[in-house]
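Hi,

Here is the structure I promised to pass on to you. Have a look at it first, and then read on for my notes on what turned up.

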Amino acid sequence: MEQDCIFCKIANGHIPSATVYEDEMFRVILDLSPATKGHALVLPKRHFRNIFDIDETTASRLFVVAAKVARAMKKSLGCEGLNIVQNNEEIAGQTVFHFHLHIIPRYADDGQKILWNPGTSDPEVQKEIACKISEALDADK
Ligand code: 5GP
Ligand code: ZN
């Protein structure tokens, strides 16, 4: 746990929350300012700032939990679809600096738009970018 981290306190049960799921690694809670009905946050109990420092075990179990919760939401809330959103650093909209995954159920006429503006691509530039990333991945092996 990290001092003064609100999500450490919530994830570890020191601050009460509307919990929908809990196991030894995660707590899934309802968001305080939900985008739609059932908007939930998957919180690891260990403190990670975001995707840049999350450990492999937590990362690999995260989507198992997310998929479980997603299916339960579909069954219980009747959402037609669902968005998974995960913000990393201020530039990308992160406001709470303890890793969390948003699960946002979607309903007809829910008034939300979780979209981006599509850009354009050039095959040569794409090749260069792909090379850069895969070289960094190789260096990390
Ligand atoms: P971020 O912008 O960092 O991806 O998302 C932070 C989310 O945490 C926001 O959707 C915000 O409503 C939610 N949030 C912030 N503080 C609390 C809190 O104390 N309790 C709960 N349940 N959600 C919170
Ligand atoms: Zn924390």
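His100 sits in the loop that runs between strand S4 (81–85) and S5. Please keep in mind for this and everything below that the model is predicted. Is His100 buried or exposed? With a relative accessibility of 5%, His100 counts as buried, because the cut-off for that class is anything under 20%.

The phi angle of Glu89 is near 75 degrees, which is a positive value in a residue other than glycine. Glu89 has a relative accessible area of 24%, so this residue is partly exposed.

Another positive phi turns up at Asp109, about 60 degrees, although Asp109 is not a glycine either. You will find Asp109 in the loop between S5 and H3. Its relative accessibility is 82%, and therefore Asp109 counts as exposed, the threshold being over 50%.

Which residues come closest to ligand 1? They are Asp31, Asn87, Gly93, Thr95 and His102, out of 16 residues that surround the ligand.

- The side chain of Asp31 places an N or O atom 2.5 Å from an oxygen atom of ligand 1.
- At Thr95, a polar backbone atom is 2.7 Å from an oxygen atom of the ligand.
- At Val96, a backbone N or O atom is 3.0 Å from an oxygen atom of ligand 1.

On its own, ligand 1 would expose 520 Å², and the protein buries 80% of that area. The space that ligand 1 takes up is the largest pocket.

What kinds of residue make up the shell around ligand 1? Eight of them are nonpolar, seven are polar and one is charged. As for where they come from, helix H1 (6–11) and strand S2 (26–30) each contribute at least two residues to the shell. H1 gives the most, with three.

Ala35 lies in the loop between S2 and strand S3 (40–44), and because its relative accessibility is 23%, Ala35 counts as partly exposed. Although Ala35 and Gly111 are 76 residues apart in sequence, their C-alpha atoms are 9.1 Å apart in space. Gln112 belongs to the loop between strand S5 (101–106) and helix H3 (123–139). Gln112 is partly exposed too, because its relative accessibility is 31%. From Gln112 to Gly93 it is 19 residues along the chain and 16 Å from C-alpha to C-alpha.

Finally, the overall picture. How many helices and strands does the chain have? There are three helices and five strands, and along the sequence they follow the pattern α-β-β-β-α-β-β-α. The C-alpha trace spans about 50 × 40 × 25 Å along its principal axes. The chain has 141 residues, and 33% of them count as buried, His100 being one of the buried residues.

Happy browsing, and do write back with any questions!

Best wishes

Note on methods:
Residues numbered from 1 in each chain as written. Chains lettered and ligands numbered in written order. Predicted model: local features only at pLDDT ≥ 70, side-chain atom pairs only at ≥ 80, totals over all residues. Heavy atoms only, no water. Near = heavy atom within 4 Å. Polar contact = N/O pair within 3.5 Å; in protein donor to acceptor, adjacent residues only side chain to side chain. Areas by Shrake-Rupley, 256 points an atom, 1.4 Å probe, with all protein chains shown as cover. 1 Å grid on protein atoms, 1.4 Å probe; cavity = no way out; pocket = protein on both sides within 12 Å on 5 of 7 lines; lining within 4 Å. Sits in = over half its atoms within 2 Å of the grid points. Helix = DSSP H or I, 4+ residues; strand = E, 2+ residues; numbered from the N terminus. Nonpolar A, V, L, I, M, F, W, Y, C, P; charged D, E, K, R; others polar. Buried < 20%, exposed > 50% of the residue type's maximum accessible area, 1.4 Å probe, protein only.
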